[in-house]
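User: I have a structure open and would like to go through it step by step. Can you help me read it?

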Amino acid sequence: MDRAYKEDIPRFKKALTELQAEFSAISSQTNWSRLRIEPLLRHVEALEALLCSPKFARETARLRTGVSMFRSDLIYLRANIKALKDLLAEEKARAAKSTK
């Protein structure tokens, strides 16, 4: 689990950064970047900082007992990114309708 965790966290950060750029390129009534993306990015950056810290490297053996907590982070981030992608698609469709 720790390997998947270490690989997924940077990937989620990249996905959130891309979503942030895409949301800023469209006109929306809700500022999704500020409402959801920025808090998620802060969470991902905090997790990434822990992963890169020497303290985390020494704790890996004991942290394996906390696999369910690692998994919950991944599920939480995955679900939020999927929901944001769905919202982006809806916003793009709405914008396309309004320009016709």
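Analyst: We can go from the overall fold to single residues. This is a predicted model, in which local features need pLDDT of at least 70 and side-chain atom pairs count only at pLDDT 80 or more, while totals for chains, interfaces and linings use all residues. Residues are numbered from 1 along each chain as its sequence is written, and side-chain values use heavy atoms, with hydrogens and water left out.

User: OK. How many helices and strands are there?

Analyst: The protein has four helices and zero strands. Both are DSSP runs numbered from the N terminus: H or I over at least four residues for helices, E over at least two for strands. Along the sequence the pattern reads α-α-α-α.

User: And how much of it counts as buried?

Analyst: Of the 100 residues, 31% count as buried. Buried means under 20% relative accessible area, exposed means over 50%, and partly exposed is in between (1.4 Å probe, protein chains only).

User: What about the accessible surface?

Analyst: The accessible surface comes to about 6800 Å², and 56% of that belongs to carbon and sulfur atoms. Areas come from the Shrake-Rupley method with a 1.4 Å probe, and for residues only the protein chains shown count as cover.

User: Which residues have the most contacts inside the largest nonpolar core?

Analyst: Ile9, Leu16 and Phe23 do, in a core of 21 residues. Helix 1 (2–24), helix 2 (32–52) and helix 4 (67–99) each give two or more residues to this core. A nonpolar core here is a set of buried Ala, Val, Leu, Ile, Met, Phe, Trp, Tyr and Cys residues joined through side-chain atoms within 4.5 Å.

User: Take Ile9. What is it in contact with?

Analyst: Leaving aside neighbours within four places in sequence, Ile9 is in contact with Val44, Leu47, Glu48, Leu51, Leu74 and Leu77. Contact means heavy atoms within 4.5 Å.

User: Is Leu84 buried or exposed, and what does it touch?

Analyst: Leu84, in helix 4, is buried, because its relative accessible area is 3%. Not counting residues up to four places away, Leu84 touches Leu16, Leu19, Phe23, Arg36, Ile37 and Leu40. Leu84 and Arg36 are 48 residues apart along the chain, yet their C-alpha atoms are separated by 8.4 Å.

User: Back to helix 2. How far does it reach?

Analyst: Helix 2 has 21 residues and reaches 29 Å from its first C-alpha to its last, close to the expected 30 Å. The expected span is 1.5 Å times one less than the number of residues.

User: Where is the kink in helix 2?

Analyst: The kink lies at Glu38, shortly before the proline Pro39, and is about 30 degrees. The bend at a residue is the angle between axes fitted to the seven residues ending there and the seven starting there.

User: Which residues touch Ser33?

Analyst: Ser33 touches Gln20, Glu38 and Pro39, again not counting residues up to four places away in sequence. Ser33 is in helix 2 and is buried at 12% relative accessible area. Other buried residues of helix 2 include Trp32, Leu41 and Val44.

User: New topic: how many salt bridges does the count come to?

Analyst: The count comes to seven salt bridges. The rule asks for a side-chain nitrogen of Lys or Arg within 4 Å of a carboxyl oxygen of Asp or Glu.

User: What does Lys13 form a salt bridge with?

Analyst: Lys13 pairs with Glu48, with the closest N and O atoms 3.1 Å apart. The pair links distant parts of the chain, as Lys13 is in helix 1 and Glu48 in helix 2, 35 residues apart. Lys13 is partly exposed at 28% relative accessibility, whereas Glu48 is buried at 19%.

User: Which salt bridge partner does Lys14 have?

Analyst: Lys14 forms a salt bridge with Glu18, the closest N and O atoms being 3.8 Å apart. Both lie in helix 1, four residues apart, about one turn of the helix. Lys14 is exposed at 54%, and Glu18 is partly exposed at 40%.

User: Which residues are linked in a network of salt bridges?

Analyst: Asp8, Arg11 and Arg78 are linked in such a network.
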